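Hi,

Here is the structure I promised you. Have a look at it first, then read my notes below.

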Amino acid sequence: MMLTNWEIAQLLTRWLLYFGISSVVGGLFAFCLLRHQSALLSSIKRYVRGGALIGLAATIAYFFILVGGAMEEGLSLMFDPMMVSIYWDSPAGSTLIANVIGYCLVIIASFTLGSDRAFSLWPFSRLALMVASLGIASLIYSFSFTGHATEQAWYYQIIFFAHILIAAWWLGLLFPLWLVIRSATAEESNKVLEHFGKLAAYAVLVLIVCGAWMSFILTGWQGLFSTDYGFWLLVKLALVVAILVMAAYHKLHLVPLILERGNTTLIQKSILMEKMIASSILVVTAIFTTFVGPPMH
């Protein structure tokens, strides 16, 4: 696949947009999951805000790169009033608005995150929880304006939203988990990872079922070896299988080994590798949503 500079810029900003969403969703949940790790809460809060700011900058940049890339006649066209107006009235404009609202709400919620810990270990005030939930809902809803989901029935879109939310939750939690096992004791790390493993077992099952069903609806399992969409779908499936194998290896072998050896060195390295595979999955997802579509649609 030969890409122009504009297309490379689209791919990069799209990837950063997905990185932002996964950081926000995973980081906010990590603030609850790791609420007993007081020393880490400031780092997790910075992770949430950093992800939101990166996502916010990426979604704005993506919009103007789309505008400039339409004519491919120079950077100045990115801010041409007529072209901006055309794109503002398109699904790209709706996506921009939904993402900006979502990221801004998450940033606002982050300022009160943990303020109630003086009275309770529950880290969210009612207001912060409501604002953060609305922010995440807006970010997830932004996917309904573009891509193959726009042509599908309402129940497909609900499953699609669930798939995005669970994937963002899982991938976004990897960095906070790496933080906790790097700084906590072996006993605390084992306890956190055991708890996460139980939650992830159900979440990943739903993620796989949703993904398999959506792939069948979009392709009928045809053209997997003869189309660009089929090729990238197989690449994504291979990466997903790899990360699932690593997750199972963590749960069944490395997590029990923490208590046996009294250190977390092995699983720290393995989670970093898992994070790299997760980043690759986001790259392939960005290619799906930017350049290729299912052959049946």
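Is Phe29 buried, partly exposed or exposed? Phe29 counts as partly exposed, because its relative accessibility is 29%. Keep in mind that this is a predicted model.

Now the aromatic rings. The count comes to 18 aromatic pairs. One of them joins Phe29 and Trp169. This pair is edge-to-face, with 5.5 Å centre to centre and 75° between the planes. Phe29 lies in helix α1 (residues 5–33) and Trp169 in helix α6 (residues 154–183), so the pair ties together parts that are 140 residues apart in sequence. Trp169 has 12% relative accessibility, so it counts as buried.

Tyr155 and Trp213 make a tilted pair. Their centres are 6.3 Å apart, with 50° between the planes. Tyr155 is in helix α6 and Trp213 in helix α7 (residues 186–219), so this pair ties together parts that are 58 residues apart in sequence. Tyr155 is partly exposed at 44%. Trp213 is partly exposed too, at 30%. Both belong to one aromatic cluster, which also includes Tyr18, Phe143 and Trp154.

A ring can meet a charge as well. The charged end of Arg49 sits over the ring of Phe111, 4.4 Å from its centre.

Last, a helix pair. Helix α2 (residues 41–71) and helix α3 (residues 81–88) pack at about 115°, with their axes 10 Å apart. Their crossing is right-handed. On the α2 side, the contact residues include Phe63, Phe64 and Met71. On the α3 side, they include Met83 and Trp88. The contact has 10 nonpolar residues, no polar and no charged.

Best wishes

Technical notes
Residues are numbered from 1 along each chain as its sequence is written. This is a predicted model: local features need pLDDT of at least 70, side-chain atom pairs count only at pLDDT 80 or more; totals for chains, interfaces and linings use all residues. Side-chain values use heavy atoms; hydrogens and water are left out. Axes are lines fitted to C-alpha atoms, for helices over the stretch in contact, and angles run from 0 to 180 degrees between N-to-C directions. Helices (H or I, at least four residues) and strands (E, at least two) are DSSP runs, numbered from the N terminus. A crossing is left-handed if the near helix is turned anticlockwise from the far one by less than a right angle, and right-handed if clockwise. Contact means heavy atoms within 4.5 Å. Ala, Val, Leu, Ile, Met, Phe, Trp, Tyr, Cys and Pro count as nonpolar, Asp, Glu, Lys and Arg as charged, and the others, Gly among them, as polar. Rings of Phe, Tyr and Trp (its six-membered ring) pair if their centres lie within 6.5 Å; planes under 30 degrees apart count as stacked, over 60 as edge-to-face and the rest as tilted. Buried means under 20% relative accessible area, exposed over 50%, partly exposed in between (1.4 Å probe, protein chains only). A charge sits over a ring if NZ of Lys or CZ of Arg is within 6 Å of the ring centre and within 35 degrees of the ring normal.
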